[in-house]
Amino acid sequence: WLGRGRQGDGREWTIRITIGSGAVDRIDYDSISCGGVLEIGKIAHEEIEYRERLTYGQSGCVDNGTITLRLRDRQSMEFRASYADKRLDAIGDLRRD
């Protein structure tokens, strides 16, 4: 899945998410040089909530946040990133790659 995220202050960056068949998926923010693993938390009908654990680039990105993906259709998803205290930090759109 590929797309762009946008923070409340207007900054934008690329998002690449790889969803596998295990309990851990990957996220990379190539344009800001950080990324890591997504640990599955809650799963609902059309929504997955992850705990984000950065494995590189922690100095330029917020670690230990919550990533929520909501499926819109077979080709697109809504992306939401929240801080550890659940305050919304960023939103975005992803398309199947």
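This is a predicted model: local features need pLDDT of at least 70, side-chain atom pairs count only at pLDDT 80 or more; totals for chains, interfaces and linings use all residues.
Me: Which residue does the side chain of Asp30 meet in a salt bridge?

Reply: That would be Arg16, with 2.8 Å from N to O. The two sit in distant parts of the chain, 14 residues apart: Arg16 belongs to strand 2, while Asp30 lies in the loop between strand 3 and strand 4. Arg16 is partly exposed too, at 30%.

Me: Which residues are linked with them in a network of salt bridges?

Reply: Arg26 and Asp28 join Arg16 and Asp30 in that network. The whole structure has 12 salt bridges. Another one pairs Arg4 with Glu12 at 3.3 Å.

Me: Let's stay with Asp28. Is Asp28 buried or exposed?

Reply: Use the cut-off again: buried means under 20%. Asp28 has a relative accessible area of 7%, so it is buried. You'll find Asp28 in strand 3, residues 24-29.

Me: And which side chains make polar contacts with the side chain of Asp28?

Reply: Arg26 is one of them, at 3.1 Å. Tyr56 is another, at 2.6 Å. Leaving aside neighbours within four places in sequence, Asp28 is also in contact with residues including Thr14, Ile15 and Cys34.

Me: Now the strands. Why is strand 7 called largely enclosed?

Reply: You go through a strand residue by residue and see how many are buried. In strand 7, residues 76-82, that holds for 5 of the 7, so the strand is largely enclosed by the rest of the structure.

Me: Which strands pair with strand 7?

Reply: Strand 6 pairs with strand 7 in the antiparallel sense over 7 bridges, and strand 8 also pairs with strand 7 that way, over 7 bridges. To follow the pairing, pick out bridge partners: Leu69 goes with Phe79, and Glu78 goes with Asp93.

Me: How many residues lie between the strands in each hairpin?

Reply: There are 2 between strand 6 and strand 7. Between strand 7 and strand 8 there are 5, and in that hairpin Lys86 takes a positive phi near 80°.

Me: Last one: which residues touch the most other members of the largest nonpolar core?

Reply: Among them are Leu69, Phe79 and Leu94, in a core of 18 residues. Strands 2 through 8 each supply at least two residues of this core. Leu94 is in contact with Leu69 and Phe79, among others.

How values were computed: Residues are numbered from 1 along each chain as its sequence is written. Side-chain values use heavy atoms; hydrogens and water are left out. Buried means under 20% relative accessible area, exposed over 50%, partly exposed in between (1.4 Å probe, protein chains only). Helices (H or I, at least four residues) and strands (E, at least two) are DSSP runs, numbered from the N terminus. Two strands pair if DSSP finds at least two bridges between them. A polar contact is a pair of N or O atoms within 3.5 Å; within protein, one must be able to donate a hydrogen and the other to accept it, and residues adjacent in sequence count only if both atoms are side-chain atoms. Contact means heavy atoms within 4.5 Å. A nonpolar core is a set of buried Ala, Val, Leu, Ile, Met, Phe, Trp, Tyr and Cys residues joined through side-chain atoms within 4.5 Å. A salt bridge is a side-chain nitrogen of Lys or Arg within 4 Å of a carboxyl oxygen of Asp or Glu.
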